[in-house]
Each structure stands twice: as C-alpha cells, then as structure tokens.
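Welcome! Have the sequence and the 3D view ready, and take your time with each group of points below.

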Amino acid sequence: MVPMIASGLAGWAALAGLTFGVGGWLLIGLVPRLGRPSLALRVAPYAVGVSHEARELVARRAADPLPVFGMVFGPLTNGLRRLVATLAGNEEAVRQLVRQAGWGMSVEAFRSRQLSAAVAGSILGVVVVAIASPLAPISPAASVVIPFLVGAIGFWLPDVVVMQAATRRLARLNDEFPTVLEFLTLSLSAGEGLFDATRRVAALGSGELSIELRAVVSSVHAGVPFASALATLSDDLRLAPVTRCVEQLLGGMERGTPLVEVLRAQAQDVRDESRRRLLEVAGRKEVSMLVPVIFLILPTTILFAVFPGILVLQLGS
C-alpha cells in the first residue's frame, strides 16, 4: 500500500515540477534582456509592404510565445532542418511549389513544418504501440518500424498538401486570367498606361491574380522596374498563359507595339484554350459515365427482362 501511495505522489510531484519549470521559463522569457528583439525584428514591421522576409519575421514573432525555448532549442532545430534539407534535396522545386501555393513561407519554414510533422507522427506511432502492446503482442521490430513509418508519413504529408494547394491555386489563376486581361484591355483602351491599368485592376480585384498584381505594384513602388517585376511574376508562377502574356507584353513594350491588341489576343487565346480543356474534360467524363451504364444499369435491365421468362419456364415444366 505504501509503495503505491509513494508512486502516485511521485507522479504528481513530477507533474508539479514540470509545470513549475515551464512557468519559470516563461517568466524568464519576459525579462527584457533575454526577450529583447533583435535589430531585424525591430525593423521588420516597417518593411512588411515590400519584403517577404520582413512579413515572415513579423508573423514568426507574433506566433512565438516562447522566445527562451526558441533561443535554447534553436541550434538543435537548425541542425535538424539542415539535415532534412540535405536528405530531401531539390530546394528549388520546394520553393516553386510554396510560391505557387501562395503560402508566403521560406523553404526553411517548410522544412521546419515537415520536421514537426515527422516528429508528431513518430510520437503518435509510439503512443499507438504503447496502447496496442497490452492488447496484442507486438514484436520489437514492429515497435521500431511503426513509429518510423508514421513519422515518414508525417514527413511526406506536407509535400502532398503543398502540391494540392499549388494545383488548386494555379487552376484559380488560370480561370481568373482572361477576366483580368479584359479589364486591362478596357483600361488601356480608355487611355491609361500599362502600369496604371495594372494598379487599377490590382486595387479593384479580389482574386488570386489580383493579389499577385498587388505584389507587382508594391515591388514597382519599392523601386523595381515594371518589366522586371512582371518577369519575376512569370518566373515565380510558371503558368503557361501568364508566361506567354508577359513575354508578349515585354516584347510590345520594347518594340512599341500597341498593347491593347496584344492583350485582347491573349485573352482570346486563353478562352479558346479553356474551351478546349473543357471539351477534353467533358469527353473523359462522358466515357466515365458509361461505366455505371454498362456494368450496373444494363445488367440489371437484362436481369429484370430475362428472369420472369426463366421463372415461367421453370413453373411450366
């Protein structure tokens, strides 16, 4: 009886000690000398309109309530993140996917998310093994393999999520592109310049492409040439209609070609391509719609047509 009471008190003592330790770390983190922001964090709020890194710093500071934990475990997490980047590789593809998904995070932040998902998956695997062990015997090899597999799934899951997000966002950009080109054409026909028309469409629009155009306008206001901002947008998105349109616009700006006709022709090409893609999707759906007709409705119809005759023949015999 006494050992059981002692073990229960030891558990409560460990919980109280852990709570006290976390509270102490939180209080230490509020001390000005340890919690003092760096120069980059102090300057970042004034540069959020023109710098992605500044927005990331501000968001990270607002979402990080434990600066002391970050300071203590920062070297460890940085080392693990570098190891993950070395093993996974292909940072350019990850950067491209994150940019196309519109997540607004760096490759390091995405690797940190992958690492966190892998650690959470491993912990979940350990918990599953610990719960299942009293119910059914589990071999030592399975006890090691299950957390590893769940952690690998957790590491792979952010890749799947970012690819799906990028695909959906590119589809929305492709759908919005003809409408944006028509608005640009109307503004240019009314006598505005290309940059003024872009700024007007970016201010009035609410879609994904309008957000990208607002980023272009912000870059121009920060001192980036308009042609360079458009080229950067094309390189970041790598969407075929946007790339063709930007190339035509840049060529028209260099040669002095009327941009109204260029934009009108690009809008018509995009709509024709969307119509062709819709016909292709309709053709595939038509074939898939024949599957239940052939394998479900037709056999049922034949069964209802033949079964009464077979029944009559059997009764007659």
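This briefing walks through a cavity, some aromatic pairs and a few individual residues. Keep in mind that the model is predicted.

- The side chain of Thr185 has a polar atom 2.7 Å from the backbone oxygen of Leu181.
- Leaving out residues up to four places away in sequence, Thr185 touches Val260, Leu263 and Arg264.

**Val260, a partner of Thr185**

- Val260 is found in helix 13, which spans residues 259–316.
- Setting aside neighbours within four places in sequence, Val260 is in contact with Thr185, Leu188 and Ser189.
- Val260 and Leu181 are 79 residues apart along the chain, and their C-alpha atoms are separated by 9.7 Å.

**The cavities**

- Here is an idea to start with: rolling a probe the size of a water molecule over the atoms shows where empty space is left.
- How many cavities of 30 Å³ or more are there? The count comes to two.
- The largest cavity has a volume of about 140 Å³.
- This largest cavity is lined by 15 residues, and those nearest its centre are Phe177, Leu184, Leu213, Leu230 and Leu249.
- Several helices share in the lining of the largest cavity: helix 8, helix 9 (194–204), helix 10 (208–221), helix 11 (226–237) and helix 12 (240–255) each supply at least two residues.
- What kinds of residues make up the lining of the largest cavity? There are 14 nonpolar residues, one polar and no charged.

**The aromatic pairs**

- The structure holds two aromatic pairs.
- In one of them, the rings of Trp103 and Phe110 have centres 6.4 Å apart; their planes meet at 45°, so this pair is tilted.
- Phe195 sits in helix 9 and Phe226 in helix 11, so their pair ties together parts that are 31 residues apart in sequence.
- Phe226 has a relative accessible area of 12%, so it is buried.

**Arg238, in a loop**

- Where is Arg238? Look in the loop between helix 11 and helix 12.
- Arg238 has a phi near 55°, a positive value in a residue other than glycine.
- Is Arg238 buried or exposed? Its relative accessibility is 54%, and over 50% counts as exposed, so Arg238 is exposed.

Note on methods
Residues numbered from 1 in each chain as written. Predicted model: local features only at pLDDT ≥ 70, side-chain atom pairs only at ≥ 80, totals over all residues. Heavy atoms only, no water. Polar contact = N/O pair within 3.5 Å; in protein donor to acceptor, adjacent residues only side chain to side chain. Contact = heavy atoms within 4.5 Å. 1 Å grid on protein atoms, 1.4 Å probe; cavity = no way out; pocket = protein on both sides within 12 Å on 5 of 7 lines; lining within 4 Å. Points joined across faces, edges and corners; volume = space filled by probe spheres on them. Helix = DSSP H or I, 4+ residues; strand = E, 2+ residues; numbered from the N terminus. Nonpolar A, V, L, I, M, F, W, Y, C, P; charged D, E, K, R; others polar. Phe/Tyr/Trp six-rings, centres within 6.5 Å; stacked < 30°, edge-to-face > 60°. Buried < 20%, exposed > 50% of the residue type's maximum accessible area, 1.4 Å probe, protein only.
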